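Morning, everyone. Let me put the model on the screen, and then I'll walk you through it.

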Amino acid sequence: MIKKVVVLLSIIGLIAIFMPMITQFQERENLNELATDYVNGSIHELGTPNVVTSVIVTYRGLDTLGEVTVLFLATVGVGFLLKGKSEDKIEISASELLETTSSVLVAMIMVLGIYIFTHGHLTPGGGFQGGVVIASGFLLMLLSNVNAKMNHSIMHFVESLSGFAYVGIGVTGLVLTVGFLSPKILPLGNFGDLFSAGAIPVIYSLVGLKVGSELTSILVTMGGEK
Amino acid sequence: MIPGIIIGLGVIMIAAAFAAIYFKSLLASIIAAGVISLLASVIYLILGSPDVAMTEASIGSGLTTVIFLFALHRVRKGKSDD
């Protein structure tokens, strides 16, 4: 009884808190000062058509480094807690439909993932999204071939190398005195080209590889070794 | 037109959220939670933020659902071993 009253009271409290957001909502006509600065800066200073990417990789680059670190720690935690004892092989195999489809689809999904993170500065998407798409390609591979063994050491190698290179790019920015994780260590190039916007595509590709290998290793640890 | 679509999607999301809590089967709850993320990503796309929509669709409705399914499988396997 008391539990239900508490639940009801907390729901009413939440409604009271969020009600002003609906009743006093005003649509902004103009961007505020910071947003204007970001929008102008991303096009004129960094040459990035996708403003979101320039904010994530450059203006809030330290946050992205933190996010990547959090994901790395999560992967380490999953690997540590669920250290799968690989038992004998399972007899069941995936259905023929799934096997045939995945043999065609896996390569296409991987290419899509690579496209998403290499074009992060031009089109929507970026390292995190591309990495997840690549991991889902590996998941399809895992589901269609039940007894497949993933090579953990290659994934750990890719992950550590890309993480190391990401921090390395940041430190290079410090050495060249353009700022930590600044993309200006490379020439900006033509606006809208694939190889433009300085180091932003490089950083996002590294993030994509890192996220992809981390999520794949989480999936393999959780589902692969049954 | 667009506010109507968003309100409709929001109502379905709330219904799916209640379904996720009240379903007896854990499998159905996981699917309902995935539906919430999928509809949220559609709303993000309508509101003009394709970056967030991609993240929500791939992580929220794809990867999280699969990881929950794997976890459910492991928990059930652990129970039957006892």
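Start with a working rule: two residues are in contact if their C-beta atoms, placed from the backbone, lie within 7 Å. Next, the ground rules. This is a predicted model, where local features need pLDDT of at least 70, side-chain atom pairs count only at pLDDT 80 or more, and totals for chains, interfaces and linings use all residues. Residues are numbered from 1 along each chain as its sequence is written, while chains are lettered from A and ligands numbered from 1 in the order in which they are written.

Chain A first. It has 8 helices and 0 strands. Helices (H or I, at least four residues) and strands (E, at least two) are DSSP runs, numbered from the N terminus. From that end, chain A reads α-α-α-α-α-α-α-α. Its radius of gyration is 22 Å, well over the 17 Å that the globule rule gives for 226 residues, so chain A is more spread out than a compact globule. That radius is taken over C-alpha atoms, and the rule is 2.2 Å times the number of residues to the power 0.38. The C-alpha trace of chain A spans about 65 × 60 × 35 Å along its principal axes. Of its 226 residues, 33% count as buried. Buried means 20 or more other C-beta atoms within 10 Å of a residue's own; exposed means 12 or fewer; partly exposed is in between, with C-beta atoms placed from the backbone. Take contacts in chain A between residues at least 6 apart in sequence: 71% join residues at least 24 apart.

Now helix packing. How do H2(A) and H3(A) cross? Helix H2 (residues 33-44) of chain A and helix H3 (residues 51-59) of chain A have axes that come within 9 Å and cross at roughly 90°. Axes are lines fitted to C-alpha atoms, for helices over the stretch in contact, and angles run from 0 to 180 degrees between N-to-C directions. That makes H2(A) roughly perpendicular to H3(A). The angle classes: under 35 degrees is roughly parallel, over 145 roughly antiparallel, 65 to 115 roughly perpendicular, and the rest oblique. On the H2(A) side we have A:Tyr38, A:Val39 and A:Ser42; they meet A:Val51, A:Ser54, A:Val55 and A:Tyr59 in H3(A). By class, this contact has 5 nonpolar, 2 polar and no charged residues. Nonpolar is Ala, Val, Leu, Ile, Met, Phe, Trp, Tyr, Cys and Pro; charged is Asp, Glu, Lys and Arg; the others, Gly among them, are polar.

Second pair. Helix H5 (residues 96-118) of chain A packs with helix H6 (residues 127-144) of chain A at an angle of about 165°, axes 8 Å apart. H5(A) and H6(A) are therefore roughly antiparallel to each other. Their contact includes A:Leu98, A:Glu99 and A:Phe117 of H5(A), and A:Gly130, A:Gly131 and A:Leu140 of H6(A). It has 14 nonpolar, 9 polar and 1 charged residues.

On to chain B. Its count is 3 helices and 0 strands. Its radius of gyration is 15 Å, well over the 12 Å that the globule rule gives for 82 residues, so chain B too is more spread out than a compact globule. Its C-alpha trace spans about 55 × 25 × 10 Å along the principal axes. Of the 82 residues, 17% count as buried.

One residue there. B:Ile67 lies in helix H3 (residues 50-81) of chain B. B:Ile67 is partly exposed, with 19 other C-beta atoms within 10 Å.

Last, the interface. The contact takes 12 residues from chain B and 13 residues from chain A. The chain B side has 8 nonpolar, 3 polar and 1 charged residues.
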